[in-house]
Amino acid sequence: PIFNDSGRQLVRLSLQECIQRSLAHNLDIRIGEYDPAIRETDITSAEAAFDAVLFASAQFDFTDRSNIDSGFYNQTVITDEGERVKRIPTDPFTNTHDYNYLTGLRKLLPTGATIQIAQQLRRLRDLNDEDAIYRNPFYEFGLQLQVRQPLLRDFGVEVNRAAILASRNSYHISQQQFQLLLIKTCAEVESNYWRLFASRQSVRILRELVNSAQQSLQRIRQRGKHDTQSLTIERTLAVIKRSRASLVAAQNAVEQRQELLLQSLNDPNLPLDKIWEIVPVDQPIMTEYKVDYPQATQAALQGRPEIIAQRYRLDTAGIAEDVAENQRMPRLDMFYRQETTGAGDQYHSSWDQQWSNETVNHMFGFSFEFPIGNRAAEAAYSKTQKQKQQEKLALKNISEQVLTDVNNSMHNLNNSYLEISERLAAAKAEKNVTLNHLAFQESGQRNTMSPEFLNLKLNSDERLANTRITAVQTIIQYNLAIVDIYRAQGTLLRYYNIDVTDMPN
């Protein structure tokens, strides 16, 4: 590690290194990475509505009660005299054990139909039937197939897949929001980087001004006492104090910019609990940067994450409107049921009989319902219509804001570059004035210790320092304007060569 005179550990960073560190470690980015992954689970949840469902049930019915009325049944009895019919009263008591088992699969189809296939087993035993006149115990297998298809409400692939489409839109919106977070973070890192550069340049310029004023003060004191020496010394001390105060403010700005840059990086190798001295190694751009206005506006309207996200919101509103329109219809369902059964007094015999297809039951029909007035569905449809119009206006509003943002960025870029040339020219003129003062001082052609000359020199030094600081700030503002025009177009990540085609999952 390298340390400066104050004991701070020196770290030299390029802008590219700062961008890379922020992409790898910035906490806002790491937090934002979870949003698309969370939204992706919503897609899976919506798709799960079409997953097959395995169901099973078991029901045990134990009945032991008296009957209100008892009847009779005829029994043929063989005797020595021949056959005769014997009338036997039925048992006035019911004592049965009825076991029912059911297992099957149920699935929702994209058309809205529900299909179900199930296997049923029933075992009935009559505890009062000691003579086993009937099958006792009684086994019955039943293979059931049921289909229910909506014909009006809830009919159609788009209606039944609406939740999936809306979830996918939410996922895409979260992707655009994450991309917007990346753009914001990268722009913030570059802003902190160049502002730290400007603050360090200000510190260097102000230190030179303080040293120059202190040298002037030293020459005055070496010359000896004159009538105007006291006033000249006071003026020189005033310049020194103002310069030192500005230097303290500039050093404070350096420390604050360092902390902001470190916070935007969140690099574990540069923890905030240590004292660092961050030195930018890159130099700002000073050449003219031209941007084609029609191309910039077209790129912004097509590529800004805010506009893309709003288009997805508008699409989601359209999906909700279509679903609400479908829900206004009456419910008319067509259903069909087929059951193949097999019965016997033994388990295997009833199972075999089931597959013989000798006893097949069919049921076919329709069901209809429609709420009187249908006010809930009509209100929901009206609501979705208004929400869709709201999203359309929001898209138009965002588009207008984007165009305004592009225009302001273009103006800022062009004017910043024009301002650079004027600021540099002003700094050059002030530098020439200062060099003239130095030339007079070295040649001895003028009384360089006179109050008038010293005032001119000190004022010239101050103006030169302020002009240089302003020029540096203008150059930095121009570099930030270049970044801002790419941000306004939504192409800042491409400008940094950051590939976001593979969004976090």
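Contact, as I use the word today, means heavy atoms within 4.5 Å. With that in place, let me say that this is a predicted model, in which local features need pLDDT of at least 70 and side-chain atom pairs count only at pLDDT 80 or more, while totals for chains, interfaces and linings use all residues. Residues are numbered from 1 along each chain as its sequence is written, and side-chain values use heavy atoms, with hydrogens and water left out.

I begin with confidence, where pLDDT is the predictor's confidence in each residue, from 0 to 100. The protein chain averages 85, and 83% of the residues score at least 70. Helices (H or I, at least four residues) and strands (E, at least two) are DSSP runs numbered from the N terminus; the lowest confidence in the chain falls in strand E1, residues 2–3, with a mean of 44, and the highest in helix H8, residues 305–327, at 96. Over residues 442–447 the pLDDT stays under 50, and the model has six contacts beyond four places in sequence for them. Where pLDDT is low, the predicted coordinates should not be read in detail.

Now to the interior. A nonpolar core is a set of buried Ala, Val, Leu, Ile, Met, Phe, Trp, Tyr and Cys residues joined through side-chain atoms within 4.5 Å, and buried means under 20% relative accessible area, computed with a 1.4 Å probe on protein chains only. The largest such core holds 59 residues, of which Leu261 and Ile278 touch the most other members; helix H5, residues 162–223, gives the most to this core, with 15 residues. Leaving out residues up to four places away in sequence, Ile278 touches Val11, Leu13, Leu196, Arg200, Gln258, Leu261 and Leu262. Apart from this core lies another, of six residues, including Ala213, Val239, Ile240 and Leu458.

Leu217, also in helix H5, is buried, with a relative accessible area of 8%. Beyond its neighbours within four places in sequence, Leu217 is in contact with Ile233, Thr236, Leu237 and Ile240, and the C-alpha atoms of Leu217 and Ile233, 16 residues apart in sequence, are 6.5 Å apart in space.

Finally, Arg304 sits in the loop between helix H7, residues 293–303, and H8, and is buried, with a relative accessible area of 5%. A polar atom of the Arg304 side chain lies 2.7 Å from the backbone oxygen of Ala488. Again setting aside neighbours within four places, the contacts of Arg304 include Val402, Asp405, Arg487, Ala488 and Gln489.

Key: Buried < 20%, exposed > 50% of the residue type's maximum accessible area, 1.4 Å probe, protein only. Polar contact = N/O pair within 3.5 Å; in protein donor to acceptor, adjacent residues only side chain to side chain.
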